[in-house]
Amino acid sequence: MGIIGAGPAGLLLSRLLALQGIDSVVLENRSRDYVEARIRAGILEQHTVDTLSAVGLGDRLHREGLEHSGIYLQYPGTRHKLDFPELCGRTVWVYGQTEVVKDLIAAQLDGGPPLLFEVSDVQPEDVDTDSPRIRFTDADGNPQLLECDVIAGTDGFHGPSRTLVQESSRGRTWERTYPYAWLGILADAAPATDELIYAWHPEGFALYSMRSPKVSRLYLQVDPSEKIEDWSDERIWDALDTRFALDGWSVNRGPVTDKSILPMRSFVSAPMRRGRLFLAGDAAHIVPPTGAKGLNLAVADVTLLATALVRLLQEGRSDLVDAYSDTALRRVWRCTHFSWFMTSMLHRSGDDFDAQLQLSQLERVCSSEAAARELAENYTGLPIG
Ligand code: FAS
Ligand code: PHB
């Protein structure tokens, strides 16, 4: 099994397969330090926590992660708690993607299948045959050829795998670019809230998240043309104070240790297979982070794919791999819709008619158990398969 990309999708797939006796080689074009330092997702759905625990990576997660029983939705004059266990019987966990990736890499390098960093010129070949292969150059500059039974394209949005699938006659993509971006900061400041706050405000959306009892992760809606150098720490904190304003409460400030601007888009590529090449994670789809779905959707993909590949490679039965793309895409579209829903409900477009619709939707979710349950079920993660 050749796996292109050592993000959460590729690393978890390799581990799931290894535990079923299927060997793989993971090829990553970046360095270990780079991969482990990339600041990305923060929220794990229950099935993600269960999957990581099932592959022996639950100890540090349960020790250092924070189990959350809900989120707050805020709009002027209101901060309303959605109680997930009461609404849908599930919770979510705060545990940074950086930590998930560190745990997966440590396990892989501790007796797991080969994980090669800093490779280059990675090119899947002969994917329409039963003997696909991957041509690449290793970290020492030596040309290599990896003979495979199957290839997983878990190489994210910018990897080569999706292009190869799209070249096949049945490929097509859908894309929506949103007219706003997120300015994100990490700060050494104790979060001023016990659980995440998603705030609608006339000046724009804001999200109060966290990484630990001492580290806050906060986001501001900004115009996509904004330059991070135009945003001083003080300007960021002032904007956060404005957007989270609530009588008798304030944001906890502290040293900002990282800041960046993240564009927002929805993207889906179908099918998620071409012959013996299977796509999973960001290689096949991108969601705006408002619904906290990106990482969790990648985990859902590889959970399905691992089960299908074990059936194919150990039993010679292709029913699950033949159904993989359609099965995975059903959840992809559900998560794409939910991420679009959360993004559209909470981000200011500048149009006052939109603002009235958004406030009406927020009031509905905060007053109707049925509407709150629909959000809670999607946010905490729907069943896989
Ligand atoms: P990844 O992109 O994580 O991993 C793909 C890997 O393939 C990378 O390590 C890359 O270096 C490697 N690769 C690429 N091309 C290659 C090649 N040619 N050869 C070998 N290797 C190659 N999701 C959330 O839920 N919440 C968030 O707040 C959030 N914030 C995000 C912020 C940013 C800046 C980005 C980019 C994404 C964010 N996401 C967020 C989504 C993110 O968490 C992804 O969903 C998650 O990383 C998906 O994991 P993978 O599919 O493994 O893709
Ligand atoms: C994060 O903590 O990075 C985070 C949390 C929830 C989101 C997006 C990002 O919806």
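Predicted model: local features only at pLDDT ≥ 70, side-chain atom pairs only at ≥ 80, totals over all residues.
Me: How do you know how much of ligand 1 the protein covers?

Reply: On its own, ligand 1 has 990 Å² of accessible area, and the protein covers 85% of that (Shrake-Rupley method, 1.4 Å probe). Around the ligand are 29 residues, the closest being Glu28, Arg38, Arg40, Gln97 and Asp282; to be near, a residue needs a heavy atom within 4 Å.

Me: Why does the radius of gyration agree with a compact globule?

Reply: A compact globule of 385 residues would come out near 21 Å, and the protein has 21 Å, so the two agree. The rule is 2.2 Å times the number of residues to the power 0.38, taken over C-alpha atoms.

Me: What share of the residues is called buried?

Reply: It's 56% of the 385 residues, where buried means under 20% relative accessible area.

Me: How are things numbered and counted here?

Reply: Residues count from 1 along each chain as its sequence is written, while chains are lettered from A and ligands numbered from 1 in the order written. Local features need pLDDT of at least 70, side-chain atom pairs 80 or more, totals for chains, interfaces and linings use all residues, and side-chain values use heavy atoms, leaving out hydrogens and water.

Conventions
Buried < 20%, exposed > 50% of the residue type's maximum accessible area, 1.4 Å probe, protein only.
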